[in-house]
Amino acid sequence: MSVGTAARRGRAAARRTAGSSAMDAAARWGLAARGVIYLLVGLLALQIAFGGGGEEADQSGALRQVSEQPFGRVVVWAIGLGLVGMAVWRLAEALFGASGSGGRKPSRRLVSAARFAVYTVLATSVLLFAAGEKGSGSSDEQSQDLTARALELPAGRWLVGAACLVVVGAGCYIAWKGLKRKFREELKRGTMSRTTRRTVDVLGVAGSVSRGAVFIVAGVFLGQAALASDADQAKGVDQTLRSFADTPAGPWLLVAVSVGLALFGAFSLALARWSRV
């Protein structure tokens, strides 16, 4: 057997593995884990909007809330392993292409590679928390620390400015995808009832717009940090959410965004059930 034939067979075997039932289970577990996190972050932000709650409305606050419940540590481990599954799924998409039309386009693979990097970081932080490590603090502290390190580099302000554009662009894309209902392409709509399809549409649109808004505002804070060369201007998820309450709309805008994030959590759980993996 030639080297070329062996290589082709190896790639075919890898693709079969990427599309196996194990990968399907890992992807759905990961979507469910993401859903739980967004549900909790949305609920924590709601508590802040109504003047209660001492936890940060971000991943670290959500994990602390979970860990304090009976069997909470087990649930945190399950969330971390689910995010590992999500990272592996996105890696498989980057290497072999995603399901659906256009799934093997270079642009789709690049997006999947970026998602792999993001979920790898998230999974690592959750697993460290589950193992007893408290991590590097809230999302606000992490964001300011990373921004400070970037600003110390040559052309640091330009790097932070570029990050601003990436985050704002990601937020706009997330919101646009939700408004255009592009997520329908990822669903097995034929197996869903009419009521379920309508419900998932509402969850997807409202959740994606709220999630996109958080990205956009966080990106704007990064831009301010770049312009002022001041890492303290950067905000994590918690402070970004709190900033919605400082607008003329007051806490009601934070309420709307918080509910939207919780709806995105529910949407992720729906994806775990009906997604085309």
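The legends below describe several close-up views of a predicted model.

Residues are numbered from 1 along each chain as its sequence is written, and side-chain values use heavy atoms, with hydrogens and water left out. Because the model is predicted, local features need pLDDT of at least 70 and side-chain atom pairs count only at pLDDT 80 or more, while totals for chains, interfaces and linings use all residues.

**Figure 1. The protein chain as a whole is built from 10 helices and zero strands.** Helices (H or I, at least four residues) and strands (E, at least two) are DSSP runs, numbered from the N terminus. Of the 277 residues of the protein chain, 42% count as buried, where buried means under 20% relative accessible area, exposed means over 50%, and partly exposed lies in between (1.4 Å probe, protein chains only). Among contacts (heavy atoms within 4.5 Å) between residues at least 6 apart in sequence, 72% join residues at least 24 apart. The protein chain exposes about 14400 Å², of which carbon and sulfur atoms supply 63%; accessible areas come from the Shrake-Rupley method with a 1.4 Å probe, and for residues only the protein chains shown count as cover.

**Figure 2. The largest nonpolar core has 48 residues.** A nonpolar core is a set of buried Ala, Val, Leu, Ile, Met, Phe, Trp, Tyr and Cys residues joined through side-chain atoms within 4.5 Å. The residues with the most contacts inside this core are Val 76, Leu 83, Leu 187, Leu 241, Leu 254, Leu 261 and Phe 267. Two or more residues are given to this core by each of helix 2, helix 3, helix 4, helix 5, helix 8 (194-228), helix 9 (237-244) and helix 10 (251-274), and helix 2 gives the most, with 12 residues. Leaving aside its neighbours within four places in sequence, Leu 241 is in contact with Val 41, Ala 45, Ala 57, Val 214, Leu 254, Val 257 and Leu 261. A second, separate core of 10 residues includes Val 168, Leu 222, Ala 231 and Ala 234.

**Figure 3. Helix 3 (residues 59-67) has buried residues that are covered by several other helices.** Its buried residues are Gln 59, Ser 60, Gly 61, Ala 62, Leu 63 and Val 66. The elements that cover these residues include helix 2 (21-49), helix 4, helix 5 (106-130) and helix 6 (139-151).

**Figure 4. A nonpolar patch on the surface is formed by Trp 29, Trp 77, Leu 81, Val 84 and Val 88.** Patches are made of residues with over 30% relative accessible area and no salt bridge, with like charges joined within 9 Å and nonpolar side chains (Val, Leu, Ile, Met, Phe, Trp, Tyr) within 5 Å. Together the five residues have about 430 Å² of accessible area, and the largest share of the patch, four residues, comes from helix 4 (residues 72-96). Trp 77 lies in helix 4 and is partly exposed, with a relative accessible area of 35%.

**Figure 5. The ring of Phe 50 pairs with that of Trp 252.** Rings of Phe, Tyr and Trp (its six-membered ring) pair if their centres lie within 6.5 Å, and planes under 30 degrees apart count as stacked, over 60 as edge-to-face and the rest as tilted. By this rule the count comes to five aromatic pairs. The rings of Phe 50 and Trp 252 have their centres 6.0 Å apart and their planes at 80°, so this pair is edge-to-face. The pair links distant parts of the chain, since Phe 50 is in the loop between helix 2 and helix 3 whereas Trp 252 is in helix 10, 202 residues apart. Phe 50 is exposed, at 56% relative accessible area, and Trp 252 also counts as exposed, at 58%.

Figure 6. A salt bridge is a side-chain nitrogen of Lys or Arg within 4 Å of a carboxyl oxygen of Asp or Glu, and the structure holds eight of them. Elsewhere, Arg 184, Arg 189 and Asp 201 are linked in a network of salt bridges.
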